[in-house]
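Q: Please go through this model and set its labels against the cut-offs behind them.

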Amino acid sequence: MDTHPNAGPKAPVTYRHDGLVCVDRTLDVPLDHADPHGPTLSLFAREVTAAGREHEDLPRLLWLQGGPGGRAERPNAAGAWLRRALRDYRVVLMDQRGTGRSTPADRRTLAAFPDAAATAAHLAHFRADSIVRDAELLRAHLGGDAARPWSVLGQSFGGFCALTYLSLAPEGLEQVFITGGLPTLTGHADDVYRAAYARTLAHNERYFARYPGDQPLADAVAAHLERNDVRMPSGERLSVRRFQTLGITFGTAAKFDSLHYLLETAFVPGPRGPELSDTFLRGADAVLSFAERPLYALLHEPIYAQGGRPTAWSAHRIREEFPAFDATGIADGDAGPLRFTGEMIYPWQFEEDPALVPLRETAGLLAHRTDWPPLYDLGRLAANEVPVVAAVYYDDMFVDREQALETASAVRGLRTWITNTHAHDGVRADAAVLDRLLAMARGTA
């Protein structure tokens with residue numbers, strides 16, 4: 001059974017915050033939904049209503065956040081979408097299994113398992129199919145005997161979950177809104193990353209076109225890292241390849257410029273010449289560490305695993321097809337200009353990041369697993385009757401536009417809004433994104 005200290009059903013806790021009424025709940029869910037009498041996990045959810053409307057019979061909207069492995073947004077720092085959604089809905093913020101106040105899954109809690117095989121078997125139940133079945137139990141818990149279908153808003157990986165929801169339990173859905181989250185339904189992880197590397201190179205070009213002075217600076221940082229054993233304030237080494245993963249910031253409007261302002265703090269005078277500053281190293285660590293989101297690293301490729309093929313460290317293998325990312329020898333002028341990678345996970349990160357090192361063998365087992373169950377029911381999606389609208393971001397670095405549109409065509413009745421006005425985080429940055437999707441669902445846009 002679950003040994004999480006906060007586990008077990010609790011009476012709802014209600015409080016008010018900044019014009020909102022929040023009700024916190026927990027419930028127990030099966031680790032394996034095929035074994036409802038087996039081990040359980042604690043699932044946390046927060047229902048948010050605009051103050052003064054808490055007694056109205058408002059429909060519910062479930063927020064399915066990006067990730068995998070990220071907790072739901074908190075009302076004190078939520079994106080632009082929340083205030084807009086609260087005009088029409090009670091919003092349910094569910095901490096997906098393994099995250100936030102749900103039973104956590106990290107290097108400390110997973111150390112309770114006897115070996116890596118047992119840990120990997122446990123984590124095999126943390127994909128979209130389990131998240132959807134958790135959501136269905138939560139819907140029934142909130143609605144009781146009169147539980148009615150709710151709407152879902154899926155951002156990024158949350159959109160992947162929404163398509164799994166349409167495949168497994170469409171009867172629980174009233175409407176579906178998806179932002180930057182239409183995955184390939186049949187493609188292998190290799191297809192995903194082959195397209196992702198090309199898009200990441202394009203985002204590098206955009207970045208260095210905006211900040212041309214950053215190219216020699218980025219090259220100099222990489223050369224310094226290749227020549228020296230540089231440690232971040234946490235004590236862990238900053239390698240060239242790890243430095244390159246800062247390119248993940250290119251994928252959102254909110255963070256696109258952050259690397260520029262980090263690089264401008266890079267060097268300070270040292271007793272033996274220029275050294276990397278603590279300000280720079282601390283800023284890099286804040287982006288690079290997986291201490292707060294280990295499930296993202298463990299499950300990032302398994303979210304694409306279907307059909308009996310292992311992912312087999314897809315991003316690591318496919319990178320060899322893109323020599324522009326090879327920075328070996330940059331200190332001697334044998335490589336460059338430096339190019340940053342994006343939303344990719346590599347096996348060596350489980351050797352360099354202390355939050356991941358204890359999970360290295362587990363990650364390897366997940367990467368080579370072949371018996372993943374399917375996540376999407378193509379027949380059910382082709383016969384779909386639930387209204388679905390989706391924002392497809394034209395230059396999305398994280399989700400391939402062509403793969404997204406192919407998926408959209410496979411879901412009966414799905415309507416898309418293709419826009420180059422927003423990046424991957426558009427729904428968080430601008431309430432107009434959700435406004436447009438709501439209008440599309442109502443037939444007024």
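Q: How far apart are the mean positions of the positive and negative charges, and what makes a residue count as either?
A: The mean positions of the 46 positive and 57 negative charges are 4 Å apart. Lys and Arg count as positive and Asp and Glu as negative, while His and the chain ends are not counted. Each charge is placed at NZ of Lys, CZ of Arg, CG of Asp or CD of Glu.

Q: What kind of model is this, and which parts of it count?
A: The model is predicted, and local features need pLDDT of at least 70, side-chain atom pairs count only at pLDDT 80 or more, and totals for chains, interfaces and linings use all residues. Residues are numbered from 1 along each chain as its sequence is written, and side-chain values use heavy atoms, with hydrogens and water left out.

Q: How do you know whether the radius of gyration agrees with that of a compact globule?
A: The globule rule is 2.2 Å times the number of residues to the power 0.38, with the radius taken over C-alpha atoms. For 445 residues the rule gives a radius near 22 Å, and the protein has 22 Å, so the two agree. The C-alpha trace spans about 70 × 55 × 45 Å along its principal axes.

Q: How many helices and strands does the protein have, and what makes a run count as one?
A: There are 17 helices and 11 strands.

Q: What share of the residues is buried, and how much surface is accessible?
A: Buried residues make up 58% of the 445, where buried means under 20% relative accessible area, exposed over 50%, and partly exposed in between (1.4 Å probe, protein chains only). The accessible surface comes to about 18,300 Å², and 51% of that belongs to carbon and sulfur atoms. These areas come from the Shrake-Rupley method with a 1.4 Å probe, and for residues only the protein chains shown count as cover.

Q: What share of the contacts between residues at least 6 apart in sequence joins residues at least 24 apart?
A: The share is 76%, a contact being heavy atoms within 4.5 Å.

Q: Why is the pair of Tyr193 and Tyr304 called edge-to-face?
A: Rings of Phe, Tyr and Trp (its six-membered ring) pair if their centres lie within 6.5 Å; planes under 30 degrees apart count as stacked, over 60 as edge-to-face and the rest as tilted. The search of the whole structure finds 18 aromatic pairs. For Tyr193 and Tyr304 the centres are 6.1 Å apart and the planes at 80°, so this pair is edge-to-face. The pair links distant parts of the chain, 111 residues apart: Tyr193 is in helix α5 (residues 189–210), and Tyr304 is in the loop between α10 (294–299) and α11 (314–318).

Q: Are Tyr193 and Tyr304 buried or exposed?
A: Tyr193 has 1% relative accessibility and therefore counts as buried. Tyr304 is buried as well, with a relative accessible area of 11%.

Q: What makes the pair of Tyr207 and Tyr211 tilted?
A: The planes of Tyr207 and Tyr211 are at 55°, with 5.3 Å centre to centre. Tyr207 is buried at 0% relative accessibility, and Tyr211 is buried at 13%.

Q: Which peptide bonds to proline are cis?
A: The bond from Gly67 to Pro68 is cis, with omega near 5°, and Pro68 lies in the loop between β4 (60–64) and α1 (80–85). Another cis bond joins Gly336 and Pro337, with omega about 0°; Pro337 is in the loop between α11 and α12 (349–352).

Q: Why is Asp18 called exposed?
A: Asp18 has a relative accessible area of 55%, so the residue is exposed. Asp18 sits in the loop between β1 (10–17) and β2 (20–30) and has a positive phi of about 50° although it is not a glycine.

Q: Why does His424 count as buried?
A: The relative accessibility of His424 is 5%, so the label is buried. His424 lies in the loop between β11 (415–419) and α16 (426–429). Leaving out residues up to four places away in sequence, His424 touches several residues, among them Gln155, Gly251 and Tyr393. His424 and Ala253 are 171 residues apart in sequence and 7.5 Å apart in space, C-alpha to C-alpha.

Terms used. Helix = DSSP H or I, 4+ residues; strand = E, 2+ residues; numbered from the N terminus.
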